[in-house]
Amino acid sequence: MRRVVTGHDGNGRSIVVSDGPVPRSREFVSLPGWVSRLPWATEPGEKATRSGEDPTPDITSLLPAPGGTRFIVLTFPPESAFADPAFDPAAFDREQRADSPGIAELIEPDGMHATPTVDYGIVLYGEIVLELDDGHCTSLSPGDIVIQNGTRHAWRNRSDQPATMAFVLIGAEQGD
């Protein structure tokens with residue numbers, strides 16, 4: 001995946017300040033096919049950077065505080081990968097906690113989770129199912145979007161191909 005970042009030169013003209021791979025990207029060893037990428041992030045009250053300084057190395061939590069943002073791209077392997085005898089749930093949990101601090105701690109053993117964020121998600125590739133805590137499932141295809149309002153949910157890839165989704169998480173105060 002390629003990331004292009006714009007900024008301004010000394011004269012205030014727009015320029016490309018960075019063009020290359022997403023620097024914070026991880027292909028999981030414990031679950032082949034699971035890929036996590038953090039292309040960009042902002043902290044609450046942070047002004048748009050004009051120089052294109054990369055904030056991603058300094059991010060210590062993938063869970064943004066209210067007013068902060070995270071741009072995350074995840075590739076989910078088929079759900080059958082979890083049933084593979086070689087799959088080690090403890091190793092996957094360790095890798096998740098190392099890669100996704102702040103969010104990984106909220107993920108239940110069955111994948112259900114809720115975050116204090118408003119998430120904008122778009123299916124880029126493949127098919128995936130959004131499962132809600134009442135068991136309701138909604139199938140999604142490329143181009144479909146989801147607005148996730150801090151509700152408990154899980155992502156299920158019931159197909160035999162990977163599915164990739166892009167998410168923008170916006171930290172929010174939780175309501176009722």
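I began with Phe82, which counts as partly exposed because its relative accessibility is 35% (buried is under 20% relative accessible area, exposed over 50%, partly exposed in between, with a 1.4 Å probe and protein chains only). Phe92, at 10% relative accessibility, counts as buried.

I noted that this is a predicted model, in which local features need pLDDT of at least 70 and side-chain atom pairs count only at pLDDT 80 or more, while totals for chains, interfaces and linings use all residues. Residues are numbered from 1 along each chain as its sequence is written, and side-chain values use heavy atoms, with hydrogens and water left out.

I then searched the whole structure for aromatic pairs and found 8 (ring centres of Phe, Tyr and Trp, the last by its six-membered ring, within 6.5 Å; planes under 30 degrees apart are stacked, over 60 edge-to-face, the rest tilted). Phe82 and Phe92 form an edge-to-face pair, 6.0 Å centre to centre with 80° between the planes. Phe82 lies in the loop between S5 and helix H1 (89-99), and Phe92 in helix H1, 10 residues apart (helices, H or I, of at least four residues and strands, E, of at least two are DSSP runs, numbered from the N terminus).

I recorded one aromatic cluster formed by Phe28, Trp34, Phe76, Phe82, Phe87 and Phe92.

I followed Phe76 next. Its contacts (heavy atoms within 4.5 Å) include Trp34, Ile128, Trp155 and Phe167, not counting residues up to four places away in sequence.
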